[in-house]
Amino acid sequence: MVLLPEPGRHLPIVQRFDQGPSLLLLPDLFRETFADLDTSLEAEGVTLLKCEPNYKVHFDDGECFELSTDMTRMKREVEKWEGKDGFERYLGFLREGHRHYERSVTHVLKRNFPSIFSILRPSFLRASLGLHPFESMYSRASRYFRTDRLRRVFTFASMYMGMSPFKAAGTYSLLQYSELAEGIWYPKGGFHSIISALVRIGERKGVDYRLSTAVASVNLATLGSSHHRYATGVTLATGEIFSADVVVINADLVYAYNDLLPPSSLAQDLSKRSASCSSISFYWAMNGRIPQLTTHNIFLAGQYQASLDDVFEKQRVPTEPSFYVNVPSRIDSTAAPDGNDTLVVLVPVGHLPNPSQGSRGLDVLNGQDWDELVSSTREKILLTISARTGCSIHDLANNILHESINTPQTWKSTFNLDKGAILGLSHHFLNVLSFRPRTKHPVFRALFFVGASTHPGTGVPVCLAGSRITSEQVLKSCGMDIPWNKRAQSLEPKKWKTIEDVSDIDQPHVFQFLSSLHIGLLILLSISAFWVSLYSSNSGKL
Ligand SMILES: Cc1cc2nc3c(=O)[nH]c(=O)nc-3n(C[C@H](O)[C@H](O)[C@H](O)COP(=O)(O)OP(=O)(O)OC[C@H]3O[C@@H](n4cnc5c(N)ncnc54)[C@H](O)[C@@H]3O)c2cc1C
């Protein structure tokens, strides 16, 4: 979070940016984290604001598409581009996303994959049927939408996993599903309000935080006469030593293996693994408002696939970028003073080079004119926003009171993100589940990991789900009870009779078919038949 003083004064604070997250997705995972800590978002003073519409998507031909949780709005928007039957196909797309979401939350986000055999768990194998892990998001969306425009609209969110929709597994349509079914939220006061609440809860429970304190290395010792090594604490950049029974590393995992632990072949392998993208991010404190922008705005490149290939395949700054503009002040009045906007522009770009891949990647140090790359990207962004929203480029450019910028280089140097990859390791098949670096160090005891590059993966709610998994592993290793398990058992949800497949609904059910009216008629007919047969046998005797 960056807070800017009012120009010409030292206090008070007037414009606020989150440098990283702006979309709060999967809100239930936030609620569950607070419930695990015996409290709630509300009790801790965290207010979630619902963003409506979800996004305004701007195309290069000047057309727009508004994504919304409002069914009426979505029906109108989808039918406009896909025709009358388009809405039924949209519902089919949601149904598939729902399945991806529910199965992934239960079987991936809430389960650990501590060994290669975890992937063979029968419950996981059963659940993975129908997750479409070997088909791309774009190809799954193409089964539901005929127009390229809507295929783009329903796939760009793969970039939140740091992947191209042409490569990301179909499973990740769970992201769009979550946005459309549960909404996009924004924590009032910015994402920092959630972190502050977690810090307060920790302090109440006795946690002692040391902020702005860089760790230089993890300390290791050998266990007795064996060769087993275990973590004993950390050494700070100041030279101070902290002892600990257990060390949990939250810094970027690839950086930690390479910079905080002794050199190893595993550390080298990790830095060769495919990483997510980086970004050039602009943070603009505006004088005045840009009413043409909503809270979340997406500007898609005309050459969609080529632009994505530039980022994810060629590791470049794309010639024609697709980018995201967030206006926190549109949803949260505390982000800027009345009548002004705060803008965050995120342009996905390739990550810094990996030594093992020759010169691939944005090579900042070796001859690329980095200032030129940033300045030409800035110019393209301003021109695109102006051309597609109709706001004057003059007003836009001249009303930027203050600007901060993050680049792949600053993501690396300031936040220790390996290769400046903002979302950690990529999420292609060989980098997830049992193949993702483990939450426990494979060799050193009492050493654990949490965060974007370990299981289950990137994004704030996913990392929160991961923190539960790592905590459970730490508690078990110390022989301690898992406190939230008892609460979960007492709150076990009612077991509903499930309909395995929606098509079951259309099957005639024999007992439903035989309504009480039918049964009454059947009884009446049987009685009449009995009397008729009795009468006819008696009349025969006569
Ligand atoms: C530009 C951007 C936009 C994003 N947008 C979204 C979004 O809209 N929604 C969403 O859910 N997610 C978003 N994400 C992703 C999300 O922020 C990350 O996946 C998540 O924060 C990762 O959590 P983490 O705990 O792994 O790492 P971090 O949150 O990065 O925490 C790691 C911490 O370790 C510290 N650290 C590093 N090295 C050391 C050291 N040597 N000593 C001491 N401390 C150290 C760092 O300073 C940092 O505080 C975004 C990320 C970025 C960068």
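Is the crossing of H2 and H3 left-handed or right-handed? The crossing is right-handed, a word used where the near helix is turned clockwise from the far one by less than a right angle, anticlockwise being left-handed. Welcome to a predicted model, in which local features need pLDDT of at least 70, side-chain atom pairs count only at pLDDT 80 or more, and totals for chains, interfaces and linings use all residues. Residues are numbered from 1 along each chain as its sequence is written.

**View 1. Helices H2 and H3 at their crossing.** The axes of H2 (residues 71–82) and H3 (residues 86–109) come within 8 Å and cross at roughly 115°. Axes are lines fitted to C-alpha atoms, for helices over the stretch in contact, with angles from 0 to 180 degrees between N-to-C directions; helices (H or I, at least four residues) and strands (E, at least two) are DSSP runs numbered from the N terminus. Among the residues that meet here are Trp81 of H2 and Tyr90 of H3, contact being C-beta atoms, placed from the backbone, within 7 Å.

**View 2. The open sheet E7-E8-E9.** Its 3 strands pair antiparallel, pairing being at least two DSSP bridges between two strands. Strands E7 (215–222) and E9 (241–243) stand at the edges with a single partner strand each, so one side of each has no neighbour in the sheet. Neighbouring strands are turned by 35° against each other on average, direction ignored.

**View 3. Strand E7 beside strand E8.** Look for the 7 bridges that join E7 to E8 (residues 229–236). Valine 218 stands opposite valine 234 in E8.

Notes:
Contact = placed C-beta atoms within 7 Å.
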